[in-house]
Amino acid sequence: MKNMSHIRQLEAESIHILREVVASFENPVMLYSIGKDSSVLLHLARKAFHPGKPPFPLLHVDTTFKFKEMTAFRDSYVRDELGLDLIVHTNADGVEKQVTPFSHGSSAYTDIMKTEGLRQAMSKHGFDAAIGGARRDEEKSRSKERVFSFRNADQRWDPKSQRPELWHLYNTRVRTGESMRVFPLSNWTEVDVWLYILLEQIPIVPLYFAAKRPVVERDGTLIMVDDERLPLLPGETPKEKMIRFRTLGCYPLTGANESTAQTVSEIIEELLSCPNSERFDRLIDFDQPSSMEEKKKAGYF
Amino acid sequence: MTNPYVINGPIQKFLQRHERCDLVRVLTCGSVDDGKSTLIGRLLLDASVLPKDTLAALEKDSKQYGTQDGALDPALLIDGLKAEREQKITIDVAHRFFSSEERTFIVADTPGHEQYTRNMVTAASNADMVIILLDARNGVLEQSRRHAFIASLLGIKHAIVAVNKMDLVDFSEDVFEEIKKDFLVFAERLQITDLHFVPLSALSGDNVMDPSTNMPWYKGGTLMHLLNTIHVVSDRNLIDFRFPVQYVSRPSPDYRAFSGTVASGSVRPGDEVLVLPSHKTTRVQSIDTFDGELSKASALSAVTLRLEDNIDISRGDMIVPVHNVPEQSRQFDAFLVWMDEESLQDDKEYIIKHTTKMTTARIRTVRYVMDVNTLRRGEAAPLTANDIGRCALTIAEPLPIDSYERNRITGSFVLIDPVSHQTSAAGMIVDRKTEEGLEGEESSARQTSDFPILWLTGNTGSGKSTLAQAAERHVNRSAPSWNAAARKLVVLDGDELRETISLDEDLSAEGRRKHNLRTARLAKLLQQKGFLVVVSVIAPFESLRKEIDAICKPQWIYVERSGITSEDRPYDVPSNPDFTVNTDTLNEQEGTQSFIDYMVDVLGND
């Protein structure tokens, strides 16, 4: 008997998890960040509920500093081409107080616009389950994360009291106000994600492919000048460089890589001989020791 | 612009490798200081290409938290949470990923500390193989025994016993052999069928990836070699098709289908299937996926089944083959691993989740608590956190179950506390037919499908019908005390069936075969409906009886009489019948009595 290849096993496991969410929760939502993991997650959701559409809305927490190409991709592909139910939420309070990474620092900005924005949206719509694209291989504290991760009424994660998760029998019980974060890609690695994008030809934001883009270099990190809001330091002039992104987030906080990879194949090649693990390029992880763990306790995805 | 999905260059070879790459789930366990994190860190360091920044972070962490005087400490690649760094022990289940040329591994790292048994059970539930780590200086400890027992209980068939820190015992062969001997004595009582031993040093890397030059006496494979070569695919149940309905797909008024993951076996369009609990039958019309219809779906596939008839089916129902139906039971025995801080309460109604079905369950009796160090049965006591005990459960409605040994998916369940919603226990269903140790008080409460079908085989004229009729009279007219539920006994007699349901079959070999198999299916069906069933049909050939076994697994009663078998009436004498009645030596009354005694023994006092 021939075994299913490992990528098809991962696919089947994720589809099983997605169906379990829809069958067990009243009001689930998929967190859609427009990144490659979200693209894979969305593709799996389309598979899981075929021939129907995914029976839940997609939620994008817009921090107002996303790359322009991300927003364009979100609207043209997800909303127009696939015709999915897309909720875009922005922390209005933060906008009013003019919170930006420049004025408040990356840590406070992320906290207010991203973490708080997500909590607002979860409460406002009364979602009892939020599906996210986090993977266990991304970061140390995530390696311990459950597939169905319980959050108390304050949407907080307690790493010391997680429910044991046996076989594929997920304990989906929550009380009113409590919720579940669900991670169908838990067992995927970064290479698996790219492999799957290649095999399934999943559309992704073009920023993942190398192109000439205007950047400035700060503390050894290349920051793309995506719009005029990025304050240029004295003597700084944007230079055109051949770059691409390994992860996508808020443009002033996302480092670019010099690269020539213009196809998924070339990206995988680059990855396999790659000198940096992907979260390295997200500056926010390096604010303080064990920083991702602290953010997760507070409700960050 | 180039097509971003074009496949060219070195990636082609990589893709080919991935096409045949197996996914293997490995559990690692050991006592607190056996060096487990170091070993996994070592595998990651040596087997995968670690990104530069991870290495830089490891160097920094090694200086700050390391136990190796500032030298690279592979354990720190593994120990993720702040709390455990400070305590220098692992406190939860962590998942790690690495791949070799042949396989992709998901490693579930589990804690060694006793109070975290539940985490080990969690990780073991999905593992294909286990690495049990021992410290060469300490040998086989209570912890190691506990870990081996849990791995065995959770159905892991392959174990690698890694004897670590060989460098601290001068790479001594005697020490290794002594530990091996100790472990084998203990392992005799376990269900782990495939056991390997490897002496190594995780810190220095001896026998991890490369053969150790310090231990030339060891002729076996390195740990990596074992991980790559141990055969695991055949562990899966490829026989019994089970499809727990997970989600009813109704995207439009003209489309209605049933989504789920094939738990075991396989299915094809056109297959005749039965739906539990309704027992309605239909055929599979198509196997639908996003990528088109499939000609076959096997275990682990997540698919959607469309059926020919419009049957009322909801989540929690199970689709199975018509002639391979699992037991439908409200009462069964199971091993429970207690997970919750709150102890088992026998008057409490727990939520039970079995495949995709949720209902409620009570624990009727704790038969015994397992002493995991001796593998002996201890006293019956309420289970507390980390206890493992054999219990009898009563479920609010019948569940379609298989034993855990036969089917890891339809044989497992979890109990959930109805108030706190904590996961209270993990359960593994025990096949009672192969287990001894049932108390007599239970026989009256037993489920009908527990009662075996009695099949009288013997050539024409041996006296089968006489025995069957006597049994029918005994049970139906005199209502013996053991038959508390007053179940009706039905006799399926060959001659009668020939006149009715097998009227369309001739006396050719194939006609006889079909007649026999049809009878077997009918017997199975009646058994499931709660009847006691005695069959009186010749079933003349060993091969035919094997086929019948696969359908309804009867007890074979050989009715023996000499001089009735001839060339035109061929008959294979059963090689290993469950019981024999010799109508040569016994007169009608004695023969009848011996059969009734046997029947009472099987049906009444089991």
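Guide: Happy to! Let's begin with a cut-off: a residue is called buried when its relative accessible area is under 20%, exposed when over 50%, and partly exposed in between. Please keep in mind that this is a predicted model.

Visitor: Then why is B:D240 called buried?

Guide: Its relative accessibility is 2%, and the label buried applies under 20%, so B:D240 counts as buried.

Visitor: Which parts of chain B does the pair of B:R406 and B:D240 tie together?

Guide: B:R406 is in the loop between strand 20 (388-401) and strand 21 (412-416) of chain B, and B:D240 is in the loop between helix 8 (223-229) and strand 7 (243-244), so the pair ties together parts that are 166 residues apart in sequence.

Visitor: What is the label for B:R406, and why?

Guide: B:R406 has 47% relative accessibility, so the label is partly exposed. That value falls between the cut-offs of 20% and 50%.

Visitor: How do you know that A:K241 and A:E258 form a salt bridge?

Guide: Their closest N and O atoms are 4.0 Å apart, and the cut-off is within 4 Å. A:K241 lies in strand 9 (residues 239-244) and A:E258 in strand 10 (residues 255-258) of chain A, so this pair ties together parts 17 residues apart in sequence. At 21% relative accessibility, A:K241 counts as partly exposed, whereas A:E258, with a relative accessible area of 54%, is exposed.

Visitor: Are B:K165 and B:D135 buried or exposed?

Guide: B:K165 has 18% relative accessibility and counts as buried. B:D135 has a relative accessible area of 2% and is buried. The two form a salt bridge, with the closest N and O atoms 3.8 Å apart. B:K165 sits in the loop between strand 5 (158-164) and helix 7 (173-187), while B:D135 is in strand 4 (residues 129-135); the pair links distant parts of the chain, 30 residues apart.

Visitor: What makes the side of chain A that touches chain B?

Guide: Helix 1 (6-24), helix 2 (36-48), helix 6 (190-200), helix 7 (264-272) and helix 8 (291-298) of chain A each supply at least two residues. The largest share, 12 residues, comes from helix 1. By class, that side has 33 nonpolar, 25 polar and 21 charged residues. In total, 79 residues of chain A are in contact with 92 residues of chain B, and the area buried between the chains is about 7100 Å², with 57% of it given by carbon and sulfur atoms.

Visitor: Why is A:T172 called buried?

Guide: A:T172 has 6% relative accessibility, so it counts as buried. The residues A:T172 touches include A:F25, A:F148, B:K353 and B:M358. A:T172 is found in the loop between strand 5 and strand 6 of chain A.

Visitor: What is the phi of A:W167, and what is the phi of A:D219?

Guide: Phi of A:W167 is near 45° and phi of A:D219 is near 50°. Each is a positive value in a residue other than glycine. A:W167 has a relative accessible area of 5%, so it is buried, whereas A:D219, at 82%, is exposed.

Visitor: Which peptide bonds are called cis, and what is omega there?

Guide: Among them are the bond joining A:H50 and A:P51, where omega is about 5°, and the bond from B:L276 to B:P277, with omega near 10°. A:P51 lies in the loop between helix 2 and strand 2 (58-61) of chain A, and B:P277 is in the loop between strand 11 (272-276) and strand 12 (280-288) of chain B.

Key
Residues are numbered from 1 along each chain as its sequence is written. Chains are lettered from A and ligands numbered from 1 in the order in which they are written. This is a predicted model: local features need pLDDT of at least 70, side-chain atom pairs count only at pLDDT 80 or more; totals for chains, interfaces and linings use all residues. Side-chain values use heavy atoms; hydrogens and water are left out. Contact means heavy atoms within 4.5 Å. Buried area is the accessible area (1.4 Å probe) that two parts lose on being put together, summed over both. Helices (H or I, at least four residues) and strands (E, at least two) are DSSP runs, numbered from the N terminus. Ala, Val, Leu, Ile, Met, Phe, Trp, Tyr, Cys and Pro count as nonpolar, Asp, Glu, Lys and Arg as charged, and the others, Gly among them, as polar. Buried means under 20% relative accessible area, exposed over 50%, partly exposed in between (1.4 Å probe, protein chains only). A salt bridge is a side-chain nitrogen of Lys or Arg within 4 Å of a carboxyl oxygen of Asp or Glu. Lists of a residue's contacts leave out its neighbours within four places in sequence.
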